[in-house]
Amino acid sequence: MKKSLTPIKKKAQTAIELAVFGAILIFVLGGIIQVTLGYNYQQNQTLRAMRLAMLQSFNYSAGIVPNPNGADGTASRNSASVLFVEDRLVAQSGKYAAIDRVPYVFSGGAIHTRNLFMPVEAGEDWNIPIFDVFINGKHFPFSTAALRSRNVAGALLFTKTPRGVSTWDEGCADCFDLDRDGNIDVPIAQRATFSWQWTPVALNEISLENNRNLLVDLDGDLKEERIVGKNGTVLQYFDPQEGDVDFTINENEEKPPSGVTTDISIFTFTKEGQVLEIDEGKLFGPDRQYVRQAQRSDQVDIVQRVFQLANDTNRFCDASGRPAARVDGLPNPVEACGSCFSPGNIARTCMNEGNLSLDPPRYPVIFVRSRILNKGGRKWVTDITDDDYVETNSGVAN
């Protein structure tokens, strides 16, 4: 007599339901754990960036970190800014992206008021502001300004004048040539509602003693520089556009913005290769059949990030095209200058100094290459003992 298959079907249905419920439960738990760990890491790194910014501002303004002239404290980090960029492996990070690493970007700022109003004078390069960037453990102290000098004999200088001051003059047509290209940009009928104008400044109207007309456009970039010294017709000035990075670039300028770009590359160098092993057999007992897959890595990942610079200040690569020994008193993180993709430099942090004489100009960049050891792996074990068929008393296969 043929037996019914209903009990077997009910058991199979129950097993499927349990399997589906278990898979959903594991998925939900895994998602909760992943999100929790991500938020925990993000909070820790944000607080770490803030604490480091506070430490940097205190150490430099209080003179704990000495400067070249031996003065008690510097102004370089009166207002300290810190940026962290770390490429980390997370659970299933490569499932929806091109790479297995996810960038975590954190910033922090702090102000220590001890030397907050200390003036920066001519020749005091150690007082220029510094922006501290940490990319996968590499420390880059980027300058955000520079001290320059210029002979302005015979030059016509301009300063920005806001409405309401005594030098405001709506009848000055040249004052409303905003881009100073010879064409008047603001018609006379609209000048009464305009908020600012250019005002010509003669050399004898500049006075450091009386703190008069110290913000002028000296180099014709339509941005004001701060004068810190005067010797006849030669003016020394503080220029926020001449540092390693320039945060005053706007959308109307044909210059790339300074900072970390979205480009990332990973070069993998294997040590004795990688191994993918798939075994099938009775691995854990005489009466069960298993398939085991094991993937092991023994490699070094070179994570390449690109940092766009505004100027080649010769701080990281000197005038002869070689890496400087130290930058801002710290070891230079740049290991090579030029030929950044040659076999000898492909694994090194390298600076391409650019060429501004080209059309379009090529601005300097630093290829930040971080060596990260990757010894991860994956392992799956699958029981296939009962995968072939189930035999009933009547001999019917299911």
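User: How does C172 count, buried or exposed?

Analyst: Buried means under 20% relative accessible area, exposed over 50%, and partly exposed in between (1.4 Å probe, protein chains only). C172 has 18% relative accessibility, so C172 counts as buried. C175, at 3%, counts as buried too. This is a predicted model, where local features need pLDDT of at least 70, side-chain atom pairs count only at pLDDT 80 or more, and totals for chains, interfaces and linings use all residues. Residues are numbered from 1 along each chain as its sequence is written, and side-chain values use heavy atoms, without hydrogens and water.

User: How many disulfides are there?

Analyst: With a disulfide taken as a pair of cysteine sulfur atoms within 2.5 Å, the count comes to three. In one of them, the sulfur atoms of C172 and C175 are 2.2 Å apart; the S-S torsion is about 75 degrees, so this disulfide is right-handed. Another joins C317 and C337, with sulfur atoms 1.9 Å apart. Its torsion is about -95 degrees, so it is left-handed. C340 and C350 also form a disulfide, at 2.1 Å, left-handed with -75 degrees about the S-S bond. Both C340 and C350 are buried.

User: In which order do the four strands of the open sheet stand?

Analyst: Strands of a sheet pair through backbone hydrogen bonds, either parallel or antiparallel. Here the order is β2-β1-β3-β4, with mixed pairing (strands are DSSP runs of E, at least two residues, numbered from the N terminus; two pair if DSSP finds at least two bridges between them). β2 (101-111) and β4 (138-143) each have a single partner strand, so one side of each lacks a neighbour in the sheet. β1 (residues 79-89) and β2 are antiparallel over eleven bridges, and D87 stands opposite P103 in β2.
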